[in-house]
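These are my notebook entries on one structure. I set out to look up its contacts, its ligand and its domains.

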Amino acid sequence: MGAIAFPKPNTDIMLHRSKIIEGLGALLPADSIITSEDERRPYETDAFTAYRNMPLAVVLPRTTQEVSQILRYCHTHSVPVVPRGAGTSLAGGAIPQEDAIVIGISKMSQILEIDYDNRFARVQAGVTNLAVTGAVSHEGFFYAPDPSSQMACTIGGNVGMNSGGAHCLKYGVTTNNLLGVKMVLLDGTIIDVNGAAYDAPGFDFLGLICGSEGQIGIVTEITVRILPSSEGARPVLFGFETSEAAGEAVAAIIASGIIPVAMEFMDKQAIEICEAFAHAGYPLDVEALLIIEVEGSSLEMDSTLAKIIKIAKAHGVKTVRESKTALETAAIWKGRKSAFGATGRIADYICMDGTIPTGQLPFVLKRIDEIVKSYGLRVANVFHAGDGNLHPLILYNVNDPVEARKAEEAGNDILRLCVEVGGCLTGEHGVGIEKRDLMNVQFNSQDLEQQMRVRGVFDPQWLMNPAKVFPLEGRVTA
Amino acid sequence: MAHLETSENAPSSEAELSALIIKSHAEKIPLKIEGGSTRDGLGRPFQAERSLSMRNLSGITLYEPSEMIIGAKAGTPLRDIEAALNEKGQMFAFEPMDHRALLGSKGEPTIGAIAATNASGPRRIVAGAARDSLVGVRFVNGRGDIIKNGGRVMKNVTGLDLVKLQAGAFGTLGVLSEVIFKVLPKPETTATLSYKNLGDIQAVQMMAKAQGSPYEVTAAAHLTAGLGRDISRSFIRIEGFEDSVAYRLGELRRILSKFGEPNELRGDDGARLWTGIRDVEFLLEPRDTMVWRICVKPTDAPILIKELQAQLSFTHYFDWGGGLIWLSCDNQSLDAAKLIRLAAVKFQGHARLERAPLELRASLDVFQPLSAPLMKLTAGIKKSFDPASILNSGRMYAGI
Ligand SMILES: Cc1cc2nc3c(=O)[nH]c(=O)nc-3n(C[C@H](O)[C@H](O)[C@H](O)COP(=O)(O)OP(=O)(O)OC[C@H]3O[C@@H](n4cnc5c(N)ncnc54)[C@H](O)[C@@H]3O)c2cc1C
C-alpha cells in the first residue's frame, strides 16, 4: 500500500540514536529496553499490518515512575513517543515511526484492587481485557466492554481507543465503564483523574482521555466498573432472506422497548466464513443472520425471546434457532468473535469500522456491495446492528499492490458513505493512521482546530503519537 | 431587523450566536449564558457584563425512536422534549435532576443546560450521567467558531471527545447550540422495595448486596429517620417487563431477607418517591441551610457521616447506593463548610456546594478544587476554547 504518509523522520534524532538509547538505558533495567533489530521487529506494526516502521527503540517500563522518567527524558530531548498496549489496533494506532521510542506497557499487568461491595477493579494498564473479567468471574462479576480481541488487547489500549464490543448495546463502551485513571503527562507529571467515586469533579478529563489514542499521556492505572453477571444468557440465531428484513426486525425490536444485550448482524459471505471456522450451526441458506442475545433467569429469557421471535416472524424470519446448551452458546459467540480471524484464513482483508444511523442500514449495505464490486473485490459484513456500527471486511491479496490499493480506496469510499448518511468514520477502532486523511470528510477545519488546540494543551510539540488522528497538513499547536 | 435589541442578546440562529460571540471576543465582554435560569444559584457567583439568552434557539431537530436518538437546539425546554419522548414510550435514561425546588428558582430547564451541568438522577448507577447519553454537540467557542463534535450515532470514536468536555463544563468551554442524546425505552413496570429501620451502615450493605446481584437494580437510596417518616427507609428499585419485575422482586426479597420484611411500592407512589430523591425534596426545608452533594465510594459514605457527625450537626441521605450523599447543615459558617470538604477529600471523594447563600459561595470553592497539575490543565483547556475568557468565566473555578 503506502498511500498513507508518515511525517519525515527527524534526522537529528536518528543520528543521536545511540545517545538516546544510552540515556534511556540509564533509567531502566537492561531487560526493559529493546534495541536489536530482531527484537524490535514485532513492534514495527500492529493489526493494521499493511504499514510498518522500525522504531528507534522499545522500552517496557514496569512502574508509573519509570514511565514518568522515560517521558521526561523524551520530552527534554524532543524525541517522539508511541504508546503501545498489545498492538492489536486495527487503525494503525500503535504503529511507530522511525524516529520514535515505543513505550510498551505490557509489563504493567497487575490487578491492584478488587472491590465487590463498591463494584470496581483497579488494574495496571497492561492487564488484558479478558483478565479483568477472569479475576472477578468467580464472584459472579464481569467487565462489560468486550472487544473481540479481548484475549490479547490491554485495558490501556481499550482506554486509548475507547473500545467497544458485541455487548455494548446494553452496557456501553469503555468510556461508560471507566471510573478513574492514573496518567503520566509528557513532561513526566503524574496525574490522578478521579478514583472510585461517581462523577469526577471539574472538566471531564476521563472522557477526554478515553479515545485520545495515546496523544495526550500514557495511562498506567485504570479503575473500571465491574458488573454482576446475569443469571444466564442465551443467543438466538435468526436467519432472514434479505438484509432489509433483518434491519427492519432490529428497528422493530428496539421500538417494542426491548434492548437485547447484543444484536449482531452477518451477511451471507460472513456467515459462510464463520461457519466454516466455528461450526456454530449458522444457517447457510439465508442472506442475513442476526445473533440476538438476551439475559436473565430462564423464565425471563423465555419471555423476552417469545417477544423477539414474534417480531422476527412478523418480519418474515426464515430460521430461528435457540442455543440450548452452554457449548452451543460458546460456539455461536466463537463464530462471531473470530469473524476477523476466520476471514483472515481465506484472504487478506481490511476491516472497516464506520457507524451509520440504523435506519440507513438497507441502503448502506446495498451501496457497500456496489462500491466493493466496482473495485472488483469481495466484501463480508459483520456488525453491531443495534447501534449501526459496521465492520465491512474487504477481501484482497496483500501481495498484489494494485489490489491492495483498490481495497484501501474501496474502504475510503465506504467511510465517506457512512459520513454522508449521517454517521461517522469510526465507531470503536479509532482513527489511527487509517482514517487520518479522511478526517476532513467528517470535520471542517474549525472542528479539527479545536480538537488540536485541546491536544496542544498536553503536547504542544507534537511528540506523542504524532503521526496519528489529525491530517499532517493544517496542524495547529495551541 | 425589527427586534435588534432583543436579538442581540438572544440569537435565533447559530450564525447570530457566532456573530455575537465574535464581537464579545473582540471587545472582551464577559457573557453569562442563560438557558431557563433554573440553576443560577448553582456555582460561584461571577461577574458578567451581559447575558446571552438561549430562548430563541429552540426546537427538536431530530427524533428517531427506532434509533433511540433525539436532538434539539440547546434552548429547547426539557418539558417539550420529554413530552415528545413520552409519546413514543421513551425517556432519558439518566433521569436529569431538576434544581427548581432546591434552589427555589422558576422557569423551565433547557436541554442545553442538562448537558452543560451533566445533571443526572437515581438511575445514574446503571445508566451513567448525562455525559454518558450525550452523543453529539454543536457549540460556539469563545472565538465565535461554530464547532461540532460527536454526532447522531451512538458509537463514535472519531477524534478527541469534546462532547464529554462540554458535558459538565457549565458553559465555560462554549455555548452549546444543539445537543444530541441517546434515549431508552421507558420500562413497562417499576417496583420499589422499602426496608425499614436500617442504620446507615446496614443500609449501604443492603444496597451493595442488591446492586451486586444479577437482578438489575436501577436505583438504591436510603432516607434517614426524620425525612418524610420518623423511621429510616431504604429503597431498591427495579424496572422492566411485568413478569421479569415480579420474578426479580421475589429473588431480591429472598437474598435481602436478613434486612427485614420490605414494603412494596408501585405506580405513582414509587414515582413520586424517586423524583423526590432525585430533586433533594427531603432537604428543602429549612431553607437557611447549606446543602452539599458529596460523592465517595458507597461503603465509605456511612463512615464519613459518622466522622462528620462528631464535629457537626446536619441531616443527610444517600442516593446511588451510598455513592451520593446529600447533606444539609444549618451551620453555614466557612469553618463548617471546610470540615465537609475535608471529609470528602479524606475519603478520596469530592463535594460540591449545591445550595448556599451568595456570600458563602463567594468565599469558598463551590466545586471541588483540583490537584495542581489538573488545575493547570483545566486552565489550558479553558484557554484553548475561550482565549479571552468571556464564557461563564468564574462559574466553576476562579479564572476558568
Ligand atoms: C481480531 C481483532 C478483533 C478486534 N475486535 C474489536 C472489537 O470488537 N471492538 C473494538 O473496539 N476493537 C476491536 N479490535 C481493535 C483493538 O483490539 C482495540 O483497539 C484495542 O483496544 C487495542 O488494544 P491494544 O492493547 O492492542 O492497544 P494498541 O493497539 O497497542 O494501542 C491502541 C492505541 O492506544 C494507545 N495506547 C495503548 N496503550 C496506551 C496507554 N497505556 N496509554 C495511552 N495510550 C495507549 C496506542 O498508542 C494506540 O493509539 C480488534 C482487533 C483485532 C485484531
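How many residues of chain B are in contact with chain A? I found that 69 residues of chain B are in contact with 72 residues of chain A, where contact requires C-beta atoms, placed from the backbone, within 7 Å.

I note that this is a predicted model: local features need pLDDT of at least 70, side-chain atom pairs count only at pLDDT 80 or more, and totals for chains, interfaces and linings use all residues. Residues are numbered from 1 along each chain as its sequence is written, while chains are lettered from A and ligands numbered from 1 in the order in which they are written.

On the side of chain B that touches chain A, H15(B) gives the most, with eight residues. Helices (H or I, at least four residues) and strands (E, at least two) are DSSP runs, numbered from the N terminus. I counted 31 nonpolar, 24 polar and 14 charged residues on that side of chain B. Nonpolar covers Ala, Val, Leu, Ile, Met, Phe, Trp, Tyr, Cys and Pro; charged covers Asp, Glu, Lys and Arg; the others, Gly among them, are polar.

I turned next to the ligand. Among the 38 residues around the ligand, A:Gly85, A:Gly156, A:Gly157, A:Gly160 and A:Gly214 come nearest; a residue is near if its C-beta atom, placed from the backbone, lies within 6 Å. H6(A) supplies the largest share of this shell, five residues. The shell divides into 14 nonpolar, 20 polar and four charged residues.

Finally, I looked up domain 1 and domain 2 of chain A, whose C-alpha centres lie 23 Å apart. Domain bounds come from an automatic or database domain assignment.

Note on methods. Contact = placed C-beta atoms within 7 Å.
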